[in-house]
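Please examine the sequence and the structure shown here before reading the report.

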Amino acid sequence: MLFNSIDFAIFLPIVFALYWFATRKHLKLQNLLIVASSYVFYGWWDYRFLALILFSTIVDYSVGLMLQKTNQQSKRKGLLWLSILVNIGLLGFFKYYNFFIDNFTQAFSFFGTEVQPNSLNIILPVGISFYTFQTLSYTIDVYRQRLQPTKDFIAFAAFVSFFPQLVAGPIERATNLLPQFYKKRQFVYSQAVDGLRQILWGLFKKIVIADNCAFFVNTIFDGYSDYSGSTLLLGAVFFAFQIYGDFSGYSDIAIGTARLFGFKLKQNFAFPYFSRDIAEFWRRWHISLSTWFRDYVYIPLGGSRGTRLNQIRNVFVIFLVSGFWHGANWTFIVWGALNAFYFLPLLLFGKNRIHTNIAAEHGVLPTVKEGMMMLLTFLLTTLGWIFFRADNITMAFDYVHRITNISLLSIPEIRPTFLIIFIGLFIMIEWFGRRQLYAIETLWLGYPKALRWGIYYFIVMIIFLYGGKEQEFIYFQF
Amino acid sequence: MKVFLLKISLFLGFCSISFFAIFSLADGTTDAFYLKFASSKQSSLIVGSSRAAQGIIPQMIQNKELDYDIYNYAFTIAHTPYGKVYYESIKRKLDVDSKNGLFLICVNPWTISSKTIHSEDSLHFRENGSFIDKTYFVNLNPNIEYLVESYDRFNIDIITNKKRKGDYQTFFTHNNGWLEVTIESDMISNQERTLNKIKSYKKKLDMYSGYSQNRMFYLKKTIELLMNHGDVYLVRLPVNDDMLYLEEQLLPDFDVKMEALSRFYQIEYINAIPFRKKYKYTDGHHLELSSGEAFSNFLASEIKNNKLNTLY
């Protein structure tokens, strides 16, 4: 079920009503309702893959309980590896099997040996990368004794399958989300209104910004050899806004929906395009994934400690793994490597943590220096996005090559005025709301009620009148 | 909770009214198809592809003292070649209580051929999943189902297209379903369009796998369905020589097939191909406005004559 679909518009009020009116007095029943509705939500795509979620849930729940029962280190390690192997095994099979087979075949052919690969026609289960990471975090935290394993299977199943964030995050940590299933939730008016406001902003990002950008991005990328450098650059910039609008929009809707049910999820995007360097960008982009890799991969590897060589290795590992997490294609790996190259100088010169505050924190506008740094960071990121969006490496390099010629100075052949105006408006609102958890969290709260409602109505009407055609969320494929 | 529900209901109610008000403005300027799903069920129908959508003017048929309130329910070759999808849509549009209707089933080789690799691969027919397939309610006004599910433009265009009518807007669907298309009619533009169209159809010819028994089966079912509700005519609209040449390559025995159908069902096959030189085309196969009028007149006369012959 897509958040921006009629199905969800019907599904949400039904679940909301059952949750607050029919099951409010019974915590277990309320959690059970969450599990049931989450399975319906997920099964709407393909009910066959519900078995995978259930399997993952049972394995990690059991591993958690068994970890509690034993103090023997080797046994504990064995249990941890069991969970890792099951979860990564599922992910590896469904997401990476054909990638490895194809690459092995090519490698063997290169050395003159022809092999007949057994490629499988595998459908990638939606959101598998998200929920496997979420459930893995539980086992690892239990193993590290940072979390008590739960004995409440329903609460655990609800944690793994919680529908607002099941298919595209934020990837929640068990330490944050699981305890919320143990406590009775109270309906708080201000939280619910806040949730709706965040949903509205998420829908605007997704439907007006991302979906409209998608149309032009597809046109430009699909026929990139026919366009001038300036059009290709514009296509890449549109993709930067598409992926941001799409993914952060999804996160906003997810967090807002969770708020309606009395849950607090973590912020996943913190205005990343206002970053002044790549290190800051990665602290603000897909925070739940970055911190996951930081805590479970980067730090165990030694992080920024140790020899220079180790530091470099760790940076590359984290970015390459992150790239590979996004998809079984070399384009994602190159995208990860490119970001590692961007990041490395900052780490090596000890400048990776100089921008930990918000740009122009106490002012209205950034300084010229800040503005230039933001622009440079945005352009570097956009260059990376070309690899992320391209069908293959050759296309990505060709695309970049075609940007860098004299036609870069020409007027783009495609220049949708309405979209450029919307993006301008969007940047402005995001800028003024950059101190909040999401742009319109408190932006108009000081205004008279009628005006504030008028603004919300205006946003709804913009979504209705200028909404691009329904597109799947990009991150569903990851 | 009560305050929350009250406020959210008020807000959403107000938004819904606004959406409905905008949808209510949808009409023949909205797009080339919308109005066909926003009119009532019909007792007389013109069915077929874009040639019929543009080339047969219901008003002209009524002008010939034929007492039929006929409705043009033809779309495009991409959406309405004969098949299960179009058959179901026609069934939904048909007033099942009607008995003495008039039904013009427009045919040409493309309408009973398939663009799939295997001509009988109906699971992959190009119209599957299109608006013809998705629009279940074909007589709603405003047709929210169509506007939400299938309208592929911005909703703001519902408003702006009204202002563009006759200006930048090249199409207009009339209340009787006829699609009026206004395009430049000078000779150079016409030649250019025709050249491009023939070129694109030459390419299309390579992509078509040819005659489809499945499509023929549904053409027959369509005839049988409509015969229960009135007089049925098979109609082949005229095209220029180049297009005819391509169609003869696609299905050399097309007319033989249609004549066989005509004999089997004892319905008239009105083939305008022999008179093709009398008409002008915007692109080689769509009739120009005046030719559309002339052809509709011709068609009405043929039907009238046929009726008179049947009577006496």
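## Basis of the model

This is a predicted model, in which local features need pLDDT of at least 70, side-chain atom pairs count only at pLDDT 80 or more, and totals for chains, interfaces and linings use all residues. Residues are numbered from 1 along each chain as its sequence is written, and chains are lettered from A and ligands numbered from 1 in the order in which they are written.

## Helices α14 and α15 of chain A

Helices are DSSP runs of H or I with at least four residues, numbered from the N terminus. In chain A, α14 (residues 368–389) packs against α15 (residues 393–403) at an angle of about 140 degrees, and their axes are 8 Å apart. Axes are lines fitted to C-alpha atoms over the stretch in contact, with angles from 0 to 180 degrees between N-to-C directions.

L383(A), I386(A) and F387(A) of α14(A) meet A396(A), Y399(A) and V400(A) of α15(A); two residues are in contact if their C-beta atoms, placed from the backbone, lie within 7 Å.

## Contact between chains A and B

Each side is counted separately: 13 residues come from chain A and 13 residues from chain B. On the side of chain A, α17(A) gives the most, with 7 residues.

## Residue I128 of chain A

I128(A) belongs to helix α5 (residues 128–143) of chain A. I128(A) is buried because 21 other C-beta atoms lie within 10 Å; the term requires 20 or more such atoms. Its C-alpha atom is separated by 8.5 Å from that of L90(A), 38 residues apart along the chain.

How values were computed. Helix = DSSP H or I, 4+ residues; strand = E, 2+ residues; numbered from the N terminus. Buried ≥ 20, exposed ≤ 12 C-beta atoms within 10 Å, placed from the backbone.
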